[in-house]
Amino acid sequence: MERQKRIALINDVTGFGRCSTSVQLPIISAMGVQCCVLPTAILSAHTAYPSYYFDDYTRHMQEYMDNWKALNLTFDGISTGFLGSKEQIELVITFIKEFRTANTEVIVDPVMGDDGVIYATYTDEMCEEMKRLIQYADVVTPNLTEAYRLLDMEYHTKELEEKELEEIAKKLCFYGPKKVIITGLNKGEQVVNYFYEEKGKKGLIGTKKVMESRPGTGDVFSAVITGGEMLHIPLEKSVLLAAQFIEKGLYETVRQKTPKNDGICFESVLGEFILDLKKGI
């Protein structure tokens with residue numbers, strides 16, 4: 001019998017607010033993939049709340065990695081999320097070099113900014129380091145802001161045609177990835193994701209825009225894509241599953257009148273998502 005798939009998830013651990021590892025770990029685990037967490041930071045709540053505890057984990061990451069190396073751990077996948085410093089990006093590159101095998105797939109969510117604005121914590125030097133990191137990726141999931149910054153293109157709000165999105169995806173593939181998903185595109189009453197495979201399918205997948213953008217939706221999306229890659233689900237189907245999962249979660253969030261900072265109520269529709277997943281496999 002084939003061993004259960006195992007991934008290393010490199011992201012921060014946030015106790016309250018439904019984002020990063022607290023969102024990704026339960027989703028990936030529910031998909032039947034073992035999820036092993038390498039923390040980049042520990043937070044009591046995410047940074048949009050008026051107060052929070054924060055502990056930068058950079059000083060511990062190398063020791064953490066050394067222990068995994070001593071235990072001879074191997075991973076079928078490596079998935080990265082928000083990285084808080086140039087040093088952390090360098091440590092992730094080191095991790096990939098040390099733990100990647102011929103069968104390991106690397107999924108990078110280059111969490112750098114949104115709505116045309118790069119996050120205040122991201123320096124130009126860190127943006128350049130992120131360009132280095134995506135060279136090691138098989139799959140990248142930037143939003144349009146991040147895609148433009150990675151390619152040193154000027155951000156604009158003009159709605160892009162599918163051919164223009166394809167050109168952006170091709171340029172990102174030039175760095176190394178074989179698959180690109182440009183996430184969270186607004187097209188009228190829909191939220192659309194553009195997917196591109198260097199030697200495969202490409203296209204747009206949209207769902208109804210339910211509400212304003214919320215913390216953690218990108219983490220839900222990248223979790224489903226990561227699990228899908230481990231289960232060898234076609235990229236088009238993974239993108240559709242992720243988009244529909246988020247849409248259902250947002251409807252539930254509206255129903256429960258959940259405050260914006262509390263994120264998306266994915267837990268309430270996780271069981272339904274897994275049933276949809278099993279139907280399609």
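**Helix packing and the sheet**

Author: In α7, T217, V220, F221, V224, I225, G228 and E229 meet L235, S238, V239, L241, A242, F245, I246 and L250 of α8; contact means heavy atoms within 4.5 Å. The residues of this contact comprise 11 nonpolar, 3 polar and 1 charged, where Ala, Val, Leu, Ile, Met, Phe, Trp, Tyr, Cys and Pro count as nonpolar, Asp, Glu, Lys and Arg as charged, and the others, Gly among them, as polar. The model is predicted: local features need pLDDT of at least 70, side-chain atom pairs count only at pLDDT 80 or more, and totals for chains, interfaces and linings use all residues. Residues are numbered from 1 along each chain as its sequence is written, and side-chain values use heavy atoms, leaving out hydrogens and water.

Reader: At what angle do the axes of α7 and α8 cross?

Author: Two packed helices are described by the angle between their axes and the distance between the axes. Here the axes of α7 (residues 217-230) and α8 cross at roughly 145 degrees and come within 9 Å. Axes are lines fitted to C-alpha atoms, for helices over the stretch in contact, with angles from 0 to 180 degrees between N-to-C directions. Helices (H or I, at least four residues) and strands (E, at least two) are DSSP runs, numbered from the N terminus.

Reader: Which strands does α8 lie across?

Author: Helix α8 (residues 235-255) lies across β9, β10 (190-197) and β11, at about 15 degrees to β11. The open sheet has 9 strands in the order β3-β2-β1-β4-β5-β8-β9-β10-β11, with mixed pairing; two strands pair if DSSP finds at least two bridges between them. β3 (54-56) and β11 (202-208) each have a single partner strand, so one side of each lacks a neighbour in the sheet.
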